[in-house]
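Let's walk through a structure together, one feature at a time. Ask whatever you like as we go.

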Protein chains: 2
Amino acid sequence: MTVARPYSDTIWDEVETWSRDRIESFQLSALRRQLADVGKRSRHYARVFRETGFEPGDFRSLDDLSALPLTRKQDYVAGLAEEPPFGSLAAVDLKDAARVHFSSGTTARPAPVLWTKPDLDRWADVYARYLYAQGLRRGDVFQCMFNYAWFVGGLGATYGAERVGALVIPGSSGDTRRQIETIQQYGTKVVIGTPSFMAHLAETAEEMGFDLPSSTVEMVCVGGEPGASIPGTRERIERQWGAKMFDCYGALECQPIGWDTALQLGPQLAEDYIHTEILDPDTLKTVEDGQRGVLVLTHLDKQACPLVRWWTGDVVVRDRAGTPDGRTHARLVGGVLGRADDMLIIRGVNLFPTAVEDIVRAFPGTTNEYVLVIDDSVKDAKTGFLTGVKLRVERTDDAPADLEYALTARLREKLSVRFHVEVLPAGTLPRTVHKAKRVIQE
Amino acid sequence: MTVARPYSDTIWDEVETWSRDRIESFQLSALRRQLADVGKRSRHYARVFRETGFEPGDFRSLDDLSALPLTRKQDYVAGLAEEPPFGSLAAVDLKDAARVHFSSGTTARPAPVLWTKPDLDRWADVYARYLYAQGLRRGDVFQCMFNYAWFVGGLGATYGAERVGALVIPGSSGDTRRQIETIQQYGTKVVIGTPSFMAHLAETAEEMGFDLPSSTVEMVCVGGEPGASIPGTRERIERQWGAKMFDCYGALECQPIGWDTALQLGPQLAEDYIHTEILDPDTLKTVEDGQRGVLVLTHLDKQACPLVRWWTGDVVVRDRAGTPDGRTHARLVGGVLGRADDMLIIRGVNLFPTAVEDIVRAFPGTTNEYVLVIDDSVKDAKTGFLTGVKLRVERTDDAPADLEYALTARLREKLSVRFHVEVLPAGTLPRTVHKAKRVIQE
């Protein structure tokens, strides 16, 4: 690297402090170069540009992006079928491809996404930027409990923490008891993994009689599944671990997207790495900062699998006012607020599972686990529209006797939806170490 | 990197072609620097040097090494107890430590071994050298089926293959069917993993009706457990995969040690990376090249956990005559021939489990699996000395009716030991995906 890292005691890269003007002029020139490249190297985008009459050379303003169609997951999947195995969106000669990771979706065939060596280098540097912003420092013991097989998180976090100069323990996402023993024995300061696995570890530590809050762990970094930004989850994990929890938001296709900094003000983006738009899910028009909308991403320099106007499906609120630590890049206030496509519509109310999670996790007498169930009993017999939703939770030993009643009332009050709450004994619902499925059809 | 890689169409690093004189003068100056460093930074070695009156400054000839005591596994373990958690052999300030991996021994607490960033860089370069020597090239699809959790193989192979410029699929050591589907779908050319897992994958491919020998796989690189060098194992894996098998010999403490090149003449060492001695296990005197002895290693530049005269316990035969491909570094003829400490002594005969494996795997009608069993029935009632050994194997569907008799006779003839062979149905013995245990006490 030719650039000095870290830039300061709290900031990894000078770019994090750029003025809005400088960010935007950088994005404009980066997009000009990137779109010209993508139009040449990706057969999918070459066709899209041709069909829409888009000329990368005519790209004059960031608003010109809106002339291009959105790229959705189904476009990616169609591209894979069109040009197996890596797809027509890929923009790389295989001799330059260095890594492939896969989607962990269980509903479809795992989709591959490629990286070149410069992509991996860039990826590691942004990971390092984010980990540094959360508080990771040279010499800190960093226990990586993201899975390394197929999944993007294990190697990403390892490369990033290594670049910061931390001591990486590659624990991966199994061996629960051994993870706890390792924390104890090696003085781990930072752990990273899915929120489900972090909750599972906390339960295991308790079973083992290990007092996690008094351990050396100061930072719990979570990502890889929705829910990290939910206050209920955050409060519970922070209490169980006696440590600060940081939301690490990313996706296979765009990795990482944005992470909490030490200020925990919501995931901070890297606007020199990705360009963002926030769109109304119905009109697909830009919404103002401060309004809810779907996050749409465009890579500024990804070589192997560049995405242009990638529809994340994640509902967010953007803020570009900067933060008190001198960082100027946009952040997502409150993190990911829901999935545009997981949203349930119940008697006209938009219900995100994450909103339910928020309430359940903060509610006394429940464990970490819950699942929303859709079956015929909550559908209108004629129209099939939802009239309510079933919610299964687990009671703890010290749960109040009226848990079912009290939780139903709270949910109704907060969310204006009718819930059929089923309270089960602790340990009944399935635990996932990787990605939890929160809505099931029965 | 300032040095050009690769050096030629077949050789990664010019150093592989150095003359014997140049290798030895390099080793001498490297050892002078290394031992001075180790004596300053490792408390264990500082004490050893003091107690033996060894002055790194007086180090004049490679033979001077023999003034120092051997370092054995028990010294490492004692060092861990003395200075937890990383031990008194470690020679690194924790702020410079970048990685820890762990021993996978199931009998003792996992022992940690550290790397600095320069160690990781050096490690990746030697891995790249070895993979290149086997035939891995830029753009080749490389499916890494070593485990990434705790173990040293997954990340090591990933970093090395990435440096060569291959496309790495991080599959890790589970998901057997998915590994086969991935080979099929992505045109994998090179696979790496333990010999047990490679055998297991071959069985799975057959169950799936996938014709592995006609697949894109050309190279099967195996390591992480003994047996890779055994002709019976090699022949079977090469037949099952329709590909060349390469022995990748390493250990957590010294990683990698030596790997087969494309010529398959036995693991080639990197003598600019480690210094080797071959010692008689009883007298601890140097044996001549061509004679069996135990491999003893000294790191020439490892920073974090440097080892001086490390007793591998592995019985080898060294050859320093060079190979027809222009490589000049020593190789281990036939690979690891056995373990000095796993050796069973049966009525005066030294029996290595690997010698049994060699015969079993080449014997028609048996599967890949076997286990040696020691119980009272094979011990002299008075002295407790072994009079023979039990061997459990599995029969295939087309096994001859006299398998037990024929195998017993063959073993007796080849090894001069009395075997009690028990033939079990296929699938009865436990399969391991990681490291197989070949001798059990009952």
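Q: What should I know before I start reading?

A: This is a predicted model, where local features need pLDDT of at least 70 and side-chain atom pairs count only at pLDDT 80 or more, while totals for chains, interfaces and linings use all residues. Residues are numbered from 1 along each chain as its sequence is written, chains are lettered from A and ligands numbered from 1 in the order in which they are written, and side-chain values use heavy atoms, leaving out hydrogens and water.

Q: Which residues of helix α2 of chain A are buried?

A: An α-helix has 3.6 residues a turn, so residues three or four places apart point the same way. In α2(A), residues 43-52, the buried ones are A:His44, A:Tyr45, A:Val48 and A:Phe49 (buried is under 20% relative accessible area, exposed over 50%, with a 1.4 Å probe and protein chains only; helices are DSSP runs of H or I, at least four residues, and strands are runs of E, at least two, numbered from the N terminus). They fall within an arc of 125° seen down the axis, so they line one face of the helix (the arc is that of the directions from the helix axis to the C-beta atoms). Their cover includes α1 and α3 of chain A (contact means heavy atoms within 4.5 Å). On the other side, A:Arg43, A:Arg50 and A:Glu51 are exposed. Just after the helix, A:Gly53 has a positive phi of about 65°.

Q: In what order do the strands of the open sheet in chain A run?

A: Strands of a sheet pair through backbone hydrogen bonds, either parallel or antiparallel. Here the order is β19-β18-β17-β20, with mixed pairing (two strands pair if DSSP finds at least two bridges between them). β19 and β20 of chain A stand at the edges with a single partner strand each, so one side of each lacks a neighbour in the sheet. Three bridges join β17(A) to β20(A), and these two run parallel. A:Val373 sits opposite A:Ile440 in β20(A).

Q: Is B:Thr366 buried or exposed?

A: B:Thr366 counts as buried, at 4% relative accessibility. This residue is in strand β17 of chain B. A polar atom of its side chain lies 2.9 Å from the backbone oxygen of B:Val360. B:Thr366 also touches, among others, B:Arg236, B:Glu394 and B:Leu403.

How values were computed
A polar contact is a pair of N or O atoms within 3.5 Å; within protein, one must be able to donate a hydrogen and the other to accept it, and residues adjacent in sequence count only if both atoms are side-chain atoms.
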